[in-house]
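Please examine the sequence and the three-dimensional structure shown below.

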Amino acid sequence: MKIVVLKFGGTSVGTIEKIKKVTDIIIEHKKKKNKVIVVSSAMSGVTNDLIKKSKQISNNFIDSEYDVLVSSGEQVACSLIAGGLNHKGFKSRSWLGWQIPIFTNGPYTNSRIQQVNKNKLLRFLKEGGIPIIAGFQGVNMNERVTTIGRGGSDASAIMIAKSFKAQRCIIYTDVEGVYTTDPNKLKKAKKIKVISYEEMLEMASLGAKVMQPVSIQDARLNRINIEVKSSFIKKPGTLITKRTNLNNNRIITGISSTHNDAKVTLVGVKDRPGVAASIFKPLSINSINVDMVVQNISPNGKETDLTFTIKAEDLNKTKKIIQDNKSIKFKKVLFQKGVSKISIIGVGMITTPGVTFRMFQALANKKINIQVISTSEIKISVLINKKDAKKALATLHKEFKLQE
């Protein structure tokens, strides 16, 4: 049985006219003798509206009911797609996570898919049906609806592709694929034909909004190739695949940027074993994601300055946590908004010396000051003033010849 999994994002199903276009795409795949499984997001804007409603009820809306609320958007989109297919003479029906069921574990609002029960869907496929599955949602062992994080429909599609051993998993969106950087920020951005899981994971984690990072990790672990392409333009997209499938000599694949960061510096922290854990544990408990971390030991070895970055929206909460944390001693704490993180990503830098120098020199030539540096095997990130972000992006894109 040749199975193809098609996932449609919120912008692809944002209006009735777009949903009609989506049904045409599904029918095209069906006419190629494929068994087609569709995963859909909610119509664009619907989930945000539901979140807004929850906040109008309470700033501490209970997580279990939050999942019930925000998952309802997918139900609407799936019903409309299935209805459209039936209208055109194709057998189709919508499926919610609990009807399949798709079992999850972990906390509400951020669960992970553990198992997809295939029996009902296989019977429907063998009968010639096209199942339209609500992405982003599942059910836990307490028979409560769960969601798997914003953008979670990507993860739904990938785990369904894994369960059914699908030949293809195609993510349809409002862009033609993955670009060297955000084309809305830099017009010279170019579409990438093939990218590795590792590079895509770094780009998604560092600001690229094409796919959810968890979904890329799931695809990498399960060796599922993903195609990202446009719902609106018939052109080849981007293939996300394993590193050994890449056949090129590029050093840098892409550049990501964030524009919603804040920097926190604790000055004069008493240096002792466990002090970093004492600082970051309460942040972790409160679901505050810490990114770049730099520690500077004083010459006398008794004190340290600790700098880290967080999302700007978490700044007030972080201030309170640090000020209420009596287990750490420090001289003062500094908070800074208006910073951006710029990252270059590429598997080619593993075997290419001088990449770090080229990045830093290119920024220096434009008089862009670097505040914090973070590296991994295939990534270099720098924290800079937000006002320099656009210039830095263009400078590095040109330095590494990504426009060619």
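A residue is called buried when its relative accessible area is under 20%. The model discussed here is a predicted one. In this model, Ala 219 has a relative accessible area of 0%, so Ala 219 counts as buried. Ala 219 belongs to helix α8, which comprises residues 213-222. Which residues are in contact with Ala 219, leaving aside its neighbours within four places in sequence? They are Ile 158, Tyr 197, Ile 224 and Ile 226. By contrast, Pro 107 lies 22 Å from Ala 219, C-alpha to C-alpha, and the two are 112 residues apart in sequence.

The discussion now turns to the sheet. Eight strands form an open sheet with mixed pairing, in the order β3-β6-β2-β1-β9-β11-β12-β10. From one strand to the next, the twist averages 20 degrees. Within this order, β9 (residues 168-173) and β11 (residues 226-230) pair in the parallel sense over five bridges. In one of these bridges, Thr 173 has Ser 230 in β11 as its partner. In a regular strand, side chains alternate between the two faces of the sheet. A helix also lies across part of the sheet: α4 (residues 72-87) lies across β2 (35-40), β3 and β6 (130-134), and runs at about 165 degrees to β6.

Another pair of strands forms a hairpin. Strand β4 (residues 102-105) and strand β5 (residues 112-116) pair in the antiparallel sense over four bridges. The bridge partner of Asn 105 is Arg 112 in β5. Six residues stand between β4 and β5, and Gly 106 in the turn has a positive phi of about 100 degrees.

Finally, consider a pair of helices. Two packed helices are described by the angle between their axes and the distance between the axes. The axes of α11 (residues 355-365) and α12 (residues 389-399) come within 10 Å and cross at roughly 135 degrees. The two helices are therefore oblique to each other, and α11 passes α12 in a right-handed crossing. Where they meet, α11 contributes Arg 358, Met 359, Ala 362 and Leu 363, while α12 contributes Ala 392, Thr 395, Leu 396 and Glu 399. The residues of this contact comprise five nonpolar, one polar and two charged.

Note on methods. Residues numbered from 1 in each chain as written. Predicted model: local features only at pLDDT ≥ 70, side-chain atom pairs only at ≥ 80, totals over all residues. Heavy atoms only, no water. Pairing = 2+ DSSP bridges. Axes fitted to C-alpha atoms, helices over the stretch in contact; angles between N-to-C directions. Contact = heavy atoms within 4.5 Å. Buried < 20%, exposed > 50% of the residue type's maximum accessible area, 1.4 Å probe, protein only. Parallel < 35°, antiparallel > 145°, perpendicular 65-115°, else oblique. Left-handed = near helix turned anticlockwise from the far one by under 90°. Nonpolar A, V, L, I, M, F, W, Y, C, P; charged D, E, K, R; others polar.
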